Amino acid sequence: MSTDNFGAPRQPPQSPNGRNLPRHFEDLFLNCHFSTESDEENDLTGASATNINPSCWVFGYGSLCWNPGFEYERSITGYIKGFVRRFWQGNVTHRGTLEKPGRVATLVEDYEGLCWGCAYKITGQTALDYLKQRECTLGGYRTVKTKFYPRIASYDTPFIGKAEEVIVYLADDNSRHWLGEDIPENIAQQIVECRGASGHNAEYLLRLAKFMHDELPDVDDEHLFQLEYLVLNELQQRKIPLESVMGTNPAQIHRDPQENLIKSPNFQFSSRMPERKLRCLNI
């Protein structure tokens, strides 16, 4: 199946322009074969021969927010510090081709930045192998560890308002698919013009924006929402029907319930303050 499996299973994706799909893409999404090669750089779970069912949390800020593609135990919305989301990573399989690479999200370091998304708890090696192929082998991302902060702390989350270590997939200018910064208007035009084996590039952006509007309505992501506006406007100007780029609606993702709240901390602004500095209030 394709990486972005919206709702019911689709027929195996056809390669753009009649060309064969990359071998890694076919192995993962058509044949369900995972790589068995060791990769210490991208193995951050601490899994070993004596720990055959590692458990960890993975943070999603792009298509993982609305199309994880793997089995998970828990899902919680929240954010990480020190990064902002930018559409600076290229994509030549899922949302573009070698001739016309699409643009997808990555993280850029920003000392005072926040990036909102969701964390998934996964157990076992299957999901990790899938993510390694999808994000690293095909996407050109690498893995890092950072801290995740839940949007709401409740009795049935493991966090109780505290940070939890998560695995994050990100790309930088060392990635083979890196496209880098550009003005929003150019990025929007490129997104409107690109399509890959998993669907139209605009679908990737618009479904991510919808996730933010629906599940994190109080969060303002200026970069994402500006691109959303520009892409919708560009589609309208080119008379491209929205339904022609959106594909099938994705399956519903079950987030952790939010009843029995202990507290509802809003980290969005206070977390921007440098650590070990006091805030003085004139009352």
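Which side chain meets glutamate 215 in a salt bridge, and what is the N to O distance?

A: The model is a predicted one. In it, the side chain of glutamate 215 meets that of arginine 255, with 2.8 Å from N to O. Glutamate 215 belongs to helix H4, while arginine 255 sits in the loop between helix H6 (243–246) and strand E9 (261–263). The two residues are 40 apart, and the pair links distant parts of the chain. Glutamate 215 has 24% relative accessibility and therefore counts as partly exposed. Arginine 255, at 18%, falls under the 20% limit and so counts as buried.

Why can such a pair form at all? Side chains of opposite charge can pair when their charged atoms come close.

From helix H4 the next step is helix H3. Helix H4 (201–215) is one of the elements against which the buried residues of H3 pack. The others are strand E2 (74–91), strand E3 (102–123), strand E8 (199–200) and helix H5 (222–237). Helix H3 itself covers residues 184–193, and its buried residues are Ile187, Ala188, Gln190, Ile191 and Val192. An α-helix has 3.6 residues a turn, so residues three or four places apart point the same way. Ile187 and Ile191, both buried, can be looked at with that spacing in mind.

Glutamate 193 pairs with lysine 100, and their closest N and O atoms are 3.7 Å apart. Lysine 100 lies in the loop between E2 and E3 and glutamate 193 in helix H3, so this pair ties together parts 93 residues apart in sequence. Both ends are partly exposed: lysine 100 has 40% relative accessibility, and glutamate 193 has a relative accessible area of 38%. The pair belongs to a network of salt bridges that links Lys100, Glu193, Glu234 and Arg238.

A further salt bridge joins glutamate 135 and arginine 134, with 3.1 Å between the closest N and O atoms. Here both residues count as buried, glutamate 135 at 10% relative accessibility and arginine 134 at 2%. The whole structure holds 12 salt bridges.

E1 and E3 run antiparallel and are joined by six bridges. E1 also pairs with strand E6 (residues 164–170), in the parallel sense and over two bridges. Valine 58 shows both pairings: its bridge partner in E3 is tyrosine 120, and in E6 the partner is isoleucine 167. Strand E1 (residues 55–60) has five of its six residues buried, so the rest of the structure largely encloses it.

Cysteine 56 is buried, with a relative accessible area of 10%, and cysteine 194 is buried at 3%. A search of the whole structure finds zero disulfides.

Some context for the whole chain follows. The chain has seven helices and nine strands, and 51% of its 283 residues count as buried.

Methods: Residues are numbered from 1 along each chain as its sequence is written. This is a predicted model: local features need pLDDT of at least 70, side-chain atom pairs count only at pLDDT 80 or more; totals for chains, interfaces and linings use all residues. Side-chain values use heavy atoms; hydrogens and water are left out. Helices (H or I, at least four residues) and strands (E, at least two) are DSSP runs, numbered from the N terminus. Buried means under 20% relative accessible area, exposed over 50%, partly exposed in between (1.4 Å probe, protein chains only). Contact means heavy atoms within 4.5 Å. A disulfide is a pair of cysteine sulfur atoms within 2.5 Å. Two strands pair if DSSP finds at least two bridges between them. A salt bridge is a side-chain nitrogen of Lys or Arg within 4 Å of a carboxyl oxygen of Asp or Glu.
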